[in-house]
Amino acid sequence: MVQLENIKKQYDNFCLECSIIVPKGQVTGLIGRNGAGKSTTFKAMLGLIRIDDGSAHIFGKDAKDLTAQDRERMGVVLADSGFSNYLTIKDLLSVLKKFYHSFSPEEFIKQCDRFGLPLNKKIKEFSTGMKRKLQVLAAISHNANLLVLDEPTAGLDVIVRDELIDMLREYMENGERSIIISSHISSDLEGLCDDVYFIEQGKILMHEETGVLLGDYGLIKVTEEQYQHLDKKYIIKSHKEQFGYSCLTNQKQFYMENYPSLVLEKGSIDDVITMMVRK
């Protein structure tokens with residue numbers, strides 16, 4: 001569905017260099033801190049910025065060659081995008097109908113009612129959560145094959161985040177669609193994504209299936225003496241602590257079987273991010 005190959009974009013104090021694949025029928029997550037390069041990656045993928053090197057393909061086409069019909073197959077929510085605050089949802093209906101041939105006003109109104117979005121209130125009066133739900137609903141309202149979502153849950157409370165995640169799960173039910181979604185809230189991605197890419201300072205530091213990351217990764221807590229005798233061939237990253245060392249491994253089972261007395265905690269996406277970025 002999407003293939004970014006050796007994408008490079010140089011700014012004065014930032015350089016993006018990454019490769020990402022989004023298979024058909026899967027949800028791919030892009031995780032990283034604010035400023036790590038997530039939004040720049042999406043803009044490069046969509047042809048919104050000129051890249052210096054590499055290639056971006058969507059639906060098997062170079063991004064810069066996508067037609068209007070190709071772009072109708074995509075639903076996009078960028079972190080800095082939104083609708084005019086002076087419009088109502090009723091105002092948007094005619095606009096979306098003109099933009100997208102497959103847009104169904106009846107279904108859109110039904111979904112707005114389901115998620116508590118008033119049709120006649122100006123968008124400037126919406127809460128942050130209401131605005132984000134409206135953006136995501138608009139992105140999926142025209143039967144798009146691909147969703148590109150940049151930080152769709154940022155700044156939302158846990159209830160609204162859960163509603164959005166449920167909305168995306170329903171979108172994926174037919175098995176023919178794909179999503180690429182970025183977030184710095186890892187818990188949003190753990191239950192949604194099939195695989196995740198971790199980006200830091202414009203570079204992809206890790207790509208892993210979510211099930212493998214949650215099942216095989218772990219944090220080992222050891223004293224200085226234990227660390228000296230530890231087999232480190234499956235240790236990805238170590239960090240000195242007051243008590244000794246924290247060690248990130250992608251072979252949790254190996255250490256459970258061979259070092260049963262060690263403190264070994266189940267890994268999470270947050271643990272991986274924290275360990276990978278610590279100096």
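Here are some notes on one helix pair and a few salt bridges in this predicted model.

1. Let's start with the helices. α5 spans residues 128-140 and α6 spans residues 158-171, and the two pack with their axes 10 Å apart, at an angle of about 5°. Angles under 35 degrees count as roughly parallel, so α5 runs roughly parallel to α6.

2. Who touches whom here? On the α5 side, the residues in the contact are G129, R132, K133, V136, L137 and I140. Across from them, α6 brings V160, E163, L164, M167, L168 and Y171. Sorted by class, that contact comes to eight nonpolar residues, three charged ones and one polar one.

3. On to the charges. Searching the whole structure turns up eleven salt bridges. I'll go through three of them below.

4. The E176 to K24 bridge has its closest N and O atoms 2.8 Å apart. E176 sits in the loop between α6 and β8 (178-183), while K24 sits in the loop between β2 (15-22) and β3 (27-31), so this pair ties together parts that are 152 residues apart in sequence. As for accessibility, E176 is partly exposed at 41%, and K24 is exposed, with a relative accessible area of 53%.

5. Next up is E151 with K38, a salt bridge whose closest N and O atoms are 3.4 Å apart. E151 belongs to the loop between β7 (146-150) and α6, and K38 is in helix α1 (residues 38-45), so the parts tied together here are 113 residues apart in sequence. Are these two residues buried or exposed? Both E151 and K38 are buried, and that word is used for a relative accessible area under 20%.

6. The last pair is K240 and E224, where the closest N and O atoms of the salt bridge are 3.5 Å apart. K240 is in strand β12 (residues 235-240) and E224 is in helix α9 (residues 224-228), so a strand and a helix are tied together by residues 16 apart in sequence. Both ends come out as partly exposed: K240 has a relative accessible area of 44%, and E224 has a relative accessibility of 36%.

7. One thing to look at on screen is the surroundings of α6. The helix itself packs against α5, the loop between β7 and α6 holds E151, and the loop between α6 and β8 holds E176. E151 pairs with K38, and E176 pairs with K24.

Terms used:
Residues numbered from 1 in each chain as written. Predicted model: local features only at pLDDT ≥ 70, side-chain atom pairs only at ≥ 80, totals over all residues. Heavy atoms only, no water. Axes fitted to C-alpha atoms, helices over the stretch in contact; angles between N-to-C directions. Helix = DSSP H or I, 4+ residues; strand = E, 2+ residues; numbered from the N terminus. Parallel < 35°, antiparallel > 145°, perpendicular 65-115°, else oblique. Contact = heavy atoms within 4.5 Å. Nonpolar A, V, L, I, M, F, W, Y, C, P; charged D, E, K, R; others polar. Salt bridge = Lys/Arg side-chain N within 4 Å of Asp/Glu carboxyl O. Buried < 20%, exposed > 50% of the residue type's maximum accessible area, 1.4 Å probe, protein only.
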